[in-house]
Structures are given as structure tokens and as C-alpha cells.
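Colleague: I'd like to learn how to read a model like this one. Could you take me through some of its features?

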Amino acid sequence: MDRRRFIVFGAAGGIAVLTGCGGGAGGGGTPPTGTAPPPANPPANPPVSPPVAIPPTATPPVSPLTVGQPLADLVRLANTSATPGVFAATLTAQRASKSMLPDASTEFWTYNALVPGPLIDVFEGDTVRIRLENRLSQETTVHWHGLPVPPEQDGNPMDPVAPGATRLYEFTLPVGSAGTYWYHPHPHEFTAEQVFRGMAGLLIVRSRTDPVPAAIEEKLLVISDLRLAADGSIPANTAMDWQNGREGNYVLVNGLHRPVLTINPGQSQRWRILNATNARYLRLSLTGHTMTLIGTDGGLLRSPVPGLDEILLAPAERVEVVVTAGLSAQGSAVLQALPYNRGGMGMMGSASTTIPLLTLAYSSAATAAVALPSALNSIADLGVPTTTKRLVFSSGMGMGGMGGGMMSFLIDGKSFDPARIDLTSRVNEVEQWTIENRSSMDHPFHLHGTQFQVVSRTRSGVTATEPNLAWRDTVNVAAFETVVFNVVQHQLGKRMYHCHILEHESQGMMGVLEVVA
Ligand code: C2O
Ligand code: CU
Ligand code: CU
């Protein structure tokens, strides 16, 4: 692989940046002076790995990808409707080439030739009409991950859009649905490949009465994974990828390798972060800073949770955090993914390495701090469940997975069958689900159509009650862990539930829930 260093001129700042230096570890920043006190509550999303020693002076290897470019804003999907309250647009699933490595071009599969896909930015109450044009040579769908849309509009594997075909997705976003969501393909067996080749985008539903002050500048961070061969191509999954879930050799933020985000001393920023990788667990930390968690998948928490040193973001999860730079901050800090052991076989990388994701550079102009309100959202407790469900995750040898994989990944001992109904729920009934992971790997559990409230997590016989009421559609179930949540489905029809390691989903670690009257 070509490891030359070369000079790059940043698009926004015009600053010369030497590749290989943009993500310098260690974070020369002074710890922020305005940092909140230690949390009254433990993190809402507690780290689940055993403590791993972090090499203190780990220097990231020189990257053949350009690093140190200014963090690009996401390209917005333009609204073509003139009618107030209607958002209309087209997403075209198409191949597109981009130059990532020097002297090589990389063909991605994309939405609208963008990696990541365009930002869909809408309001509660809006009616969304998005036409999908499939110019790929495989069937695809658009799944609106986390949104309460009707089942027939949700891009399920049972509703594929054939190559060359077009379909319209239409839904109205209810009041109360403000949050950070995303969209990605969900065709039977091809989801993993379409996502690792580039198809995923952020979707924000905004409230007209957002309690977070507008003076707290918003930044959007879509974290994706990319594996490139020396010739610039994106290689197919190996048997090991099908088993463990694919991790790339580059972790990108808004499509850029280790970009630079600027913050003023004293300034607070609201970061919405999406883990759009197929299988990588992001144990996020920001050197010299703590983070204040304000939101999860389905919207804001009741109140801010300050003082977090790290936040674990499993594949498909989203968080909103507030980051504040100290008034005397100088230099830069690094947003990084700390080592996390998710229990795969023969996985060397992420279980032992700290990966720099983004450089947070302090400008010289100080900004006055803006306080967060202590009350953010009125999340109603779903209350006492009137029925229960129990699901078991397991994996077995010798079942012949895709791509020569040796393992099968099962829910309740079964592999996905689109023609089978695995579970039935009554509409509007509060249920308690228990997800037990009997395998030696972590699996992020995801349920379509609604948001749930995690109640507790049990590991090695020790049960931890969830410290904060939060809306989630994805929850990590660590190896041999049991997670309990309460949930209600408000619409009739079929819903998917699955592991969001997309290689596991694509090989059948998925089931069908039918919601009946
Ligand atoms: Cu994000 Cu069924 O998936
Ligand atoms: Cu989903
Ligand atoms: Cu899994």
C-alpha cells in the first residue's frame, strides 16, 4: 500500500495539513474549566467491556487517506415540495466513484452519489414523500431506522424494490418523534453488503419547541467504516467477516478520515452521533473532556447526564451529547474509539486499539458558555407491562453461513424466514421483553416500528437497573448478558427484529413480529 505523505489543502480553512498528523493522539488540550461535576447517575449507556489498558502514547499509523480536512457538513437532501409540512425528494441508489487513496478510485454504492447519504432534516408533523430509484443491480429498500412509520412504508425485506424499479415511501411523523434517526437499505440477504459499500444516511426529526438553546451549535457526526484494497476497491466480505461482522481499515466521520472540527474556547456544541458501521463498537471518548449525554436513539433524555468519560455506541445506535471547550483551551483534543472486546473470534483490531476519529481544534476566539436547561423532555414511563416475551440469541457451528462462514446466528434457535411469523403482539399493549444472549459475542438488538425503554441489564448474575429513562430502538446485549425492556407497538402489521451486526442480520439473525388488533 502506498504510504507516501503529501500535502493537502483543506477546503474550508485553506490550511496546509500533513497527512498522518491530523489525528495526533494525546490531545494537547487543557481540560475544560467549565466541566460539569461528576455524574449523579452512571452513564445511560454504560461501558460494558472489561477495563483495557490504553497505550498512553499510541501514535496512529500514517494514513494513505487524506486526514485533517475540515469536518464536512452533511449535504442536505433538498425538499422539492412547495407545500408547507410536506417534505418531498428522491433518493437514487446508484454506484458512484470517489478518490480515497492516491492514484486510485473507489466505487461506492450510494444514495445520490454521496457517502454518507444526504441528510434528511424534517420536523415533527411533516409528511415525508421520498421516491426511491433503484439503479443498482440488486434489489434494495429504504428502511427508516427507528421511525414510527407504517410497516408497508418501512422498507422491510418483504417489500423489495427491483433493479431499475422505483417506489414511493410516504409517512407522517407524529408529534413527539423528534430525535436522531437514519436510513439504510434492508433487502433480504444484501443489507450488509449495501451498507458497507456506502449506503446509509442521517435523518433528523426536529421539534418546533426544542429545549436545547440554539446558541449551542449543532454538529452532525456520521461514523462509518471502510475497507479498501490496495487498488482502491471495496473488497467483498471474507468468511471471518460473515462470522464476526465486518470492520474496515478506516473509520470515517462524514466520509472523511480523521477530519478536524473547530470549537471556540468556552463554546458548547451539540453533537448528534450515528454509528453507521456494520459491526464496529464505538467506545467514544474525547481527550481532556467529559461529555454530557442529552439524547439517545429516539430523542432527548428527561435531563442532561453530565460528566461522562466515555459512551459506548453499538452499531445503529445514536446519541446526542454536549461538548464544552474550556475557556483556556489551547491546541486540540481527539475524539477516539477506545478498545472494546465484543467477543468475536480472531479479532485483533478493535479489541486492543484506540482509533482516532476526529480532531477537535480550539480556535483563538473565546465564546461565552451557554447553559443547558435542567429539564429537556417529558418521557412518560411506559408503566407496568401486561404481558412478556423472551428471546434467546445463540450461535452454532457448522450450519454453513454466507460466504463460507462457519457459524449460524439464531434467534430462538431459528434463522429468518420472511414467510414465518415468529411473535405476535397486541397493538397498544405494554410488553416486557427479555433478550438473553447465550453466545460469546455481543449482539445489538433492534426492533422496528417503535422505541423502547430499557429496564435492566443482567450480567454474571448481577442486575443493574437502567439509570435513566430513555427512548431506544437498539440496545447492545453483551455476551452472556440479559437485557429487559418495556415496549408498545402502536400500529398494526409486521415488524422486524434483529441483530444489527449486519452480517448477522443478513444471514438470518432476524425474526418477524406481527402486531394484531
Ligand atoms: Cu437499522 Cu432492521 O434495521
Ligand atoms: Cu430498523
Ligand atoms: Cu449479532
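Colleague: Happy to start with the open sheet: what is the order of its six strands?

Modeller: Strands are DSSP runs of E, at least two residues long, numbered from the N terminus, and two of them pair if DSSP finds at least two bridges between them. Here the order is S24-S23-S26-S31-S28-S29, with mixed pairing. Strand S24 (407–411) and strand S29 (462–465) are the edges, each pairing on one side only. Ignoring direction, neighbouring strands of this sheet are turned by 20° against each other on average, with axes being lines fitted to C-alpha atoms.

Colleague: In which sense do S28 and S31 pair?

Modeller: Strand S28 (residues 452–459) runs antiparallel to strand S31 (residues 482–487), over six bridges. Phe452 stands opposite Val487 in S31.

Modeller: A word on conventions: this is a predicted model, where local features need pLDDT of at least 70, side-chain atom pairs count only at pLDDT 80 or more, and totals for chains, interfaces and linings use all residues. Residues are numbered from 1 along each chain as written, chains are lettered from A and ligands numbered from 1 in written order, and side-chain values use heavy atoms, without hydrogens and water.

Colleague: Which protein donors does the copper ion have?

Modeller: Donors are N, O and S atoms within 2.8 Å of the metal (3.2 Å for Na, K and Ca); water is not among the atoms, so sites may look incomplete. For the copper ion (ligand 2), they are His143 (NE2) and His446 (NE2), lying 1.9 Å from it. His143 lies in strand S7 (residues 143–145) and His446 in strand S27 (residues 443–447), so the pair ties together parts 303 residues apart in sequence.

Colleague: Is His446 buried or exposed?

Modeller: Buried means under 20% relative accessible area, exposed over 50%, partly exposed in between (1.4 Å probe, protein chains only). His446 is buried, at 0%, and His143 counts as buried at 1%.

Methods. Helices (H or I, at least four residues) and strands (E, at least two) are DSSP runs, numbered from the N terminus. Axes are lines fitted to C-alpha atoms, for helices over the stretch in contact, and angles run from 0 to 180 degrees between N-to-C directions.
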